[in-house]
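Please read it with the coordinates open.

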Amino acid sequence: MSYIKPQFHHPELKKNKVGYYKTDYEGVISTLCAGCGHDSISSAIVHACYEISLEPHRLAKLSGIGCSSKTPAYFLSNSHGFNSVHGRMPSVATGAGLANRDLIYMGISGDGDTASIGMGQFVHAVRRNINMVYIVMNNGCYGLTKGQDSATADFGSISKSGSENPYTAIDLVGLALELNAGFVGRSFSGDKSQLVPMIKAALSHPGFAFIDVISPCVTFNNNQGSTKSYSYVRDHIEATSVLDFVPFEEEIKVDYEDGTSAELELFNGSKIVLSKISSHWDPRNKILAKKYLNESKENGQILTGLFYIDTETESFHKKLNTVTTPLNKLSKNDLCPGSSKLTDINKTFM
Amino acid sequence: MEQESLFNDMVIRFANVNGTGSASANEMFAKSLFKMGLPVTAKNIFPSNIQGLPTWYEVRISEKGYLGRREGIDIIVAVNPQSLEQDIKDVKSGGYLIYDNSKLLYDNYKREDINFIGIPMIEMSAQNYNSARHQQLFKNIIYVGAVACLINMDIDTIKEVITEQFKSKEKLIPPNFKALDLGINYVRENLNYPIKYCVKKSNKTDGKIIIDGNTATGLGAVYAGATMMAWYPITPSTSVASAFEKYCKKLRVDPETGKNKYAFIQAEDELAAIGMVIGANWNGARAFTATSGPGVSLMNEFIGLSYFAEIPVVLINVQRGGPSTGMPTRSQQADVISCAYASHGDTKHPMLIPSTPTECFEYTAKAFDLAERSQTLVFLLTDLDLGMNNHLTDELSWDDTQEYDRGKVLDEEMLERMTEKFGRYLDVDDDGIPYRTIPGTHPTKGAYFTRGTSRDEYAKYTEDGKVYAKNMDRLSKKWDTIKALVPSARIHSSDQSTKIGMLYYGTSFYPSTEATDMLTDHGIHITKIEIKAFPFSDNVKETIDKLDFVFVVDQNRDGQMRTLLINELNIDPHKLISVLNYDGTPITADKIFKEISSHKVLDLATQN
Ligand SMILES: Cc1ncc(C[n+]2csc(CCOP(=O)(O)OP(=O)(O)O)c2C)c(N)n1
Ligand code: SF4
Ligand SMILES: [Mg+2]
């Protein structure tokens, strides 16, 4: 069972800019299987939040149901969390975001949670451009219900029981691009150097930021023939770019070779620096992103990196023209029209 | 025909084709009667279709203020050839059929026992208006004029209503007046008027308005401070959403910035709608949804989450005819059980059950207080008849000194002062209701993990059966607390001692009131129990215990309220006798009267 880790700060540990130690971003001890990719993603989230000096109570974490959806308990104990129902986290996050536009929302889901039962809600969260980071911990199977194939399992991928998947996979990255998500990335749970900056950048993105993280299930989908196993992913991974994230106010120290780096400014002044591996890569070009994604699929490669970013997207609150004060902070004075107005309204029904 | 006039007591039905603009003409007709000081209700009987099918608009005028549906239609204004044959059959013996005699009536349609009055509606409108659209629209006003003259309505009042209606489109006033006069003059020049059923001014509408329940509900949510509504279109609840949006646009836009102090979201389905509402309430905003039976069915999983994770939600269910898609445009009270115990596992949900639009307004506001106070989902249970039809009702009122009850929420200061460990599900006050915190309130205190899985008092996951059971028991205790927070049943004892009772709820209020008077006139005295909410207040069982038999009026097939009473209050089933109506039309006083007055238990009871 989960329990709280002892809070002990080594004297040499450093506080971040808002005065928190890295341990302040941790959660209760994970009950997932040892070696589960999901735990590495949790740890990347801890890193990212600590490094960008995010105040834990300014973030709310939400999830659906699944092994992946349990993880919000394993990071950011000082943040409110909401483990909702299977496949419906997007709607809960949408409502939460409407109530308070000032918080940061992190949604955690699984491939079953998003690509099957929750597909409808996922699609509409993208369409509405909810201001949130949406991470899918993608293991190609339903971990919590003992390893059934999910809709992201690749065609021909072999499950632990030895059967071959006869259906084509739903590629959530391709879908998010198609739906005009303003931030689309893919990473691998085992690649912290890519994943941590990607999460940091996503947290600073002003709209819907989607990250598909390949995250092997060591218990049910790490066998030979599975295309979501550690060994398969390591052998077939190809990165579009090396990514770094520079928070606002921090001097840009990252130095990339001329002609290979692209710098992108985010809404709060933070910057993403991308070092391109593919020489003609430009993450602001969606058409190209789709093209490379498709090409890599043809070649049997798993393309990772930040595929697309549009820093100018119109947020949901902007679309709704809501007041800048969070709706949950409005008082009766702001909201109730009062009895004299009601007298006028009554007259319209006489 | 030699006749004695019957003043201010009639049912008049307009038979139209939907999509032809008759609705607004009919509404002007009803409104004019209201403005003449007459108690009036109007019921729309409409198809689940946009254009071309029969639709009826039934207006009841009752000086005595009986506003339920009544059997026996005194006048039918037959404007729809499709339904003409049936309409002729539906006129009460001695009544009137007002029809369009631009075309000849088949001989075999004729009836000897009713009066036929022909008005050349199509002919007159064709002669006076050019476009086909205008001919169709003004034909409606022509018949309003003719009927108004036949029943002796005050013409100036109708003109006043027309003027008001077209305040912002003044151009339309003269042609409407012209159409009205065409109808009036035709009657004056060609017919004997007034007919037997006629009206005269009265003063029975002082302090009253005429409004539909859904508008009052939407407005109630605005007054209650709801800042978010998420919904998915479904008849008959859609107009709750429209009303909320309409009044928000009027009353909730910041005059300085032009920005909205509300969010109005048409969700992708009902699952998403309630998911958003749960998310917003969890995050400290007042949010609600409105739907009907099929939507509630879809929302079931989330309803259980709200119950178990203790998140306030206001869910408005405007009931329609079920099961499945059922009769989407007809009224029923058939979701009583499915709402009371919605979702899997042991669950129970408070339901507020208004009977009038005024109560829709008040109970909607109450629902938000109750949901936040008791941290659970609250149903507002209305029906199509209440929601979509205009009813005469008390003016809406609001007490400005009344504060919103936001329930047990720990704010930053309270958390700061707190020395003990925060326990989200700790029963600190011994009322079953714990304290909650809103995300973002305090940097280091009050954060917890909300989940629909079993957890301990500190919101930590556990599969310990004892801890789970203890939590379920606390939820039962909370239920007892809620009992004192919901509106009590209204008991109307008879002047005479009696062992017979009648229990009803929601829109059955109207016919039940009338039926009681009919019964009294026949020497049958009854005690009335008007249920206003679930859980049942203590006076329900106390009153039933004193009676031998109680007739339970239910507008569903299975006597759902009766079942709920037996189940919750452990009442001897023999004592509760169902009076049912489930054909989709609102139950009538005649039906209630007939079933009760002819029931054999009356003899048994009076033997005491
Ligand atoms: C309505 C509903 N149906 C089924 C389940 C059972 N269930 C729990 S988790 C899960 C699949 C989870 O798969 P995924 O989202 O990929 O998460 P993983 O465990 O692989 O991380 C299912 C089917 C449920 N909780 N709720
Ligand atoms: S079953 Fe698979 S996904 Fe679930 S915890 Fe174990 S390794 Fe992770
Ligand atoms: Mg999975």
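Predicted model: local features only at pLDDT ≥ 70, side-chain atom pairs only at ≥ 80, totals over all residues.

1. Residues are numbered from 1 along each chain as its sequence is written, chains are lettered from A and ligands numbered from 1 in the order in which they are written, and side-chain values use heavy atoms, with hydrogens and water left out.

2. Between the chains, 59 residues of chain A are in contact with 71 residues of chain B, contact meaning heavy atoms within 4.5 Å. The buried area is about 5,400 Å², with 63% coming from carbon and sulfur atoms; the term denotes the accessible area (1.4 Å probe) that two parts lose on being put together, summed over both. On the chain A side, A:His80, A:Phe349 and A:Met350 lose the most area to chain B, together 14% of what that side buries.

3. The residues surrounding ligand 2 include A:Cys33, A:Cys36, A:His38, A:Cys67 and A:Cys217, where a residue is near a molecule if one of its heavy atoms lies within 4 Å of it. Seven members of this shell are nonpolar and four polar, with no charged residues; Ala, Val, Leu, Ile, Met, Phe, Trp, Tyr, Cys and Pro count as nonpolar, Asp, Glu, Lys and Arg as charged, and the others, Gly among them, as polar.

4. Over all chains there are 28 aromatic pairs, a pair being rings of Phe, Tyr and Trp (its six-membered ring) with centres within 6.5 Å, stacked if the planes are under 30 degrees apart, edge-to-face if over 60 and tilted otherwise. The rings of B:Tyr341 and B:Phe534 are edge-to-face because their planes stand at 90 degrees, with the centres 6.4 Å apart. B:Tyr341 is partly exposed at 24% relative accessible area, whereas B:Phe534 is buried at 1% (buried is under 20%, exposed over 50%, partly exposed in between; 1.4 Å probe, protein chains only). In chain A, one aromatic cluster is formed by A:Phe122, A:Tyr134, A:Phe208 and A:Phe210.

5. B:Met124 is buried, with 9% relative accessibility. Leaving aside residues up to four places away in sequence, B:Met124 touches B:Ile119, B:Ile142, B:Leu182 and B:Tyr186. The C-alpha atoms of B:Met124 and B:Tyr186 are 9.3 Å apart, although 62 residues separate the two along the chain.
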